[in-house]
Amino acid sequence: MFYKEPKPFPSDFLWGASTSSYQVEGAWNEDGKGMSVQDLHTPPAGITDFKIASDHYHHMEEDVALMAELGLKAYRFSISWSRVIPQGDGEVNEAGLAFYDRLADALIAHGITPVATMFHFDLPLALHERGGWANRATVDAFERYARVLFERLGDRIKMWLTINEQNVMVIHPNAMNPGRLPEAPELYQQSHNMFVASAKATLMLHEMWPDAKIGPAPNITAIYPQSCDPADVVAADNWESIRCWNYLDVACFGRYNPIAWAYMEEKGCTPVFGKGDAELLAAAKPDYLGVNYYATATVAAPKNDGTDRTARAGDQQVMLGEEGVYRSGTNDHLTATEYGWIIDPIGMRTTLRRVASRYGLPILITENGLGARDTLEADGHVHDPYRIDYLRRHFEQAQLAISDGVNLIGYCPWSFMDLVSTHQGYGKRYGFVYIDRDEEDIRSMARIPKDSFTWYKHVVETNGAEL
Ligand code: BG6
C-alpha cells in the first residue's frame, strides 16, 4: 500500500531500548545470586563469558540516568531468576529483589516505563540440573517465581513479558543448553511446559494486578518462498508455521498451530499434556505481543533426499533447512550484516502486518538492531552511521506498518548499551551506549554515548517526525 502521507507515530508511542540480565548485569556471583546456565557458558578462546558483562549491576543508576538523557519512554530489561531465587525454587534472595526494586524506582523517577521480561535464556542452574524445562517441577518453580515478582514489583511494573524467544530455545537450543543438546521430543516438551508456565503467570498477573499487561516475546519473522513455485510457497508456510506462528497461536488462541502439530506428529515429538493444560492454555490471554525482529528468511521446497539440511553453522537468524520441511534459500534483493544476518526493513513491515492480521493485539517491538564492530575513535567518539541507517530504515517501515493499521505501541531496539552477544562476545556491539571494555580487557567500563544515541534522542524528541 502506498500512502500520500504515512500516519504519525501515536503520541504515547513507547520509544524504548532493550537488554537482558545475563548479557548486561555481570555480578554473576554477588549478593547471594545463584548460578544460571549462562554462568557455565564456556566461550571459544578470545571471547568473553557473561561474568562481568557490562557491569550494569554496579552502574545501574548511571545507566538509568543515561536512558533519561536519551529520552527513553520505556526500558525493556529482564529479571535474573537466579538472582531473585538462587536455587530456582528455594529461598528468596532479598538483595536480588532489592536490585530490581531500585531499578524500577529509578526508571519511574525518570518517567521511563519499565517493561520486565521474566525469563531470558538464564535458567537457574539448580533447575537445569534437575531436568530444566522438561521437568514439570520447573513450571511450579516458575509459578512461584512469578508470584514473588508480582507481589514485590507489581505495584510499579505494569508491563510484563513472560518468556523471551521460546521459539529460539527450541529451534536453536544451544542458546540455553550448556553441554548437551536435547533431542526434538525433549525440546518440544520443554516448550510445552514453557507455554503452561506462561499461561499460569498470565492468569496470575491478571488476578493480582488487573491494571497490568503481559504477553510473550518470541522471535518472529516473515518467511519468503524462494520463488512462486507452489512447492516453495508450501515450504515457506511450513517453516513460518513451525518457527513462528505456533508460538503465538498457543499464546493467543490456546491451541497449537495445526501445521506445526502435524510436523510434531510426523517427527515423533508431540508433547505430553498434563491434566488441565488444554483448559489453562485456552484461558490465559495475553494483552499485547512482544516481537523480536531481526531478519527475514527465504526458503525453498525440500528435496527430502538427505540434503535439505545445510552443513554450515546456524544461529537464531540463519536458517539451516530441515529434512522434508524446507531448504534454506537465498534472496538477491537483500544484503546482510558482517555476521550474516539479512537486513530487511520492509520485511519488518510484512512481519508486523502478518502478526496484526492473525492476532489483532497491540504489538511492542521488543528487539531489533544491528550488531557491529564499533570502535572508539581517537576523538573520543563512536561513529556508527551504519546503525543509524539501519534503524532509520526500520523506523520508516514501522511507521508504514502503523499506517497499514498495525497497533504498534512501541519500539525497543536491541540494545540500550553494548552487551555480551549470545555467541560473539563483546566484539559484536548493538548499543546506543558504548562500554569501554573489550573481550579480555576490562578497561574503564566508561559509558560513552555513540552517534546513534544523539540521533535516537532527536527521533524520540520529535516523536519520530524527524528520522
Ligand atoms: C536475540 C536474543 O535472539 O538476539 C538476544 O533475544 C540476543 O539475547 C539478540 O543478544 C542478538 O543476538 P546475538 O547472537 O547477536 O547476541
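Biologist: Which residue is the bridge partner of L364 in β13?
Modeller: G410 is the partner of L364 there. Keep in mind that this is a predicted model.

Biologist: What stands opposite G410 if I come from L14?
Modeller: L14 itself stands opposite G410 in β13.

Biologist: How many bridges join β1 to β13?
Modeller: 2 bridges, and the two strands run parallel. β1 is residues 14–18, β13 is residues 408–411.

Biologist: Switching topic. How many helices and strands are in the chain?
Modeller: 14 helices and 15 strands.

Biologist: What is the radius of gyration of the protein chain?
Modeller: 21 Å. A compact globule of 467 residues would be near 23 Å, so the value agrees with that. The C-alpha trace spans about 55 × 55 × 50 Å along its principal axes.

Biologist: And what share of the residues counts as buried?
Modeller: 60% of the 467.

Biologist: What about contacts between residues at least 6 apart in sequence, how many join residues at least 24 apart?
Modeller: 76% of those contacts do.

Biologist: Last one, the charges. How far apart are the mean positions of the positive and negative ones?
Modeller: 3 Å, with 42 positive and 63 negative charges in the chain.

Note on methods: Residues are numbered from 1 along each chain as its sequence is written. This is a predicted model: local features need pLDDT of at least 70, side-chain atom pairs count only at pLDDT 80 or more; totals for chains, interfaces and linings use all residues. Side-chain values use heavy atoms; hydrogens and water are left out. Helices (H or I, at least four residues) and strands (E, at least two) are DSSP runs, numbered from the N terminus. The radius of gyration is taken over C-alpha atoms; the globule rule is 2.2 Å times the number of residues to the power 0.38. Buried means under 20% relative accessible area, exposed over 50%, partly exposed in between (1.4 Å probe, protein chains only). Contact means heavy atoms within 4.5 Å. Lys and Arg count as positive and Asp and Glu as negative; His and the chain ends are not counted. The place of a charge is taken as NZ of Lys, CZ of Arg, CG of Asp or CD of Glu. Two strands pair if DSSP finds at least two bridges between them.
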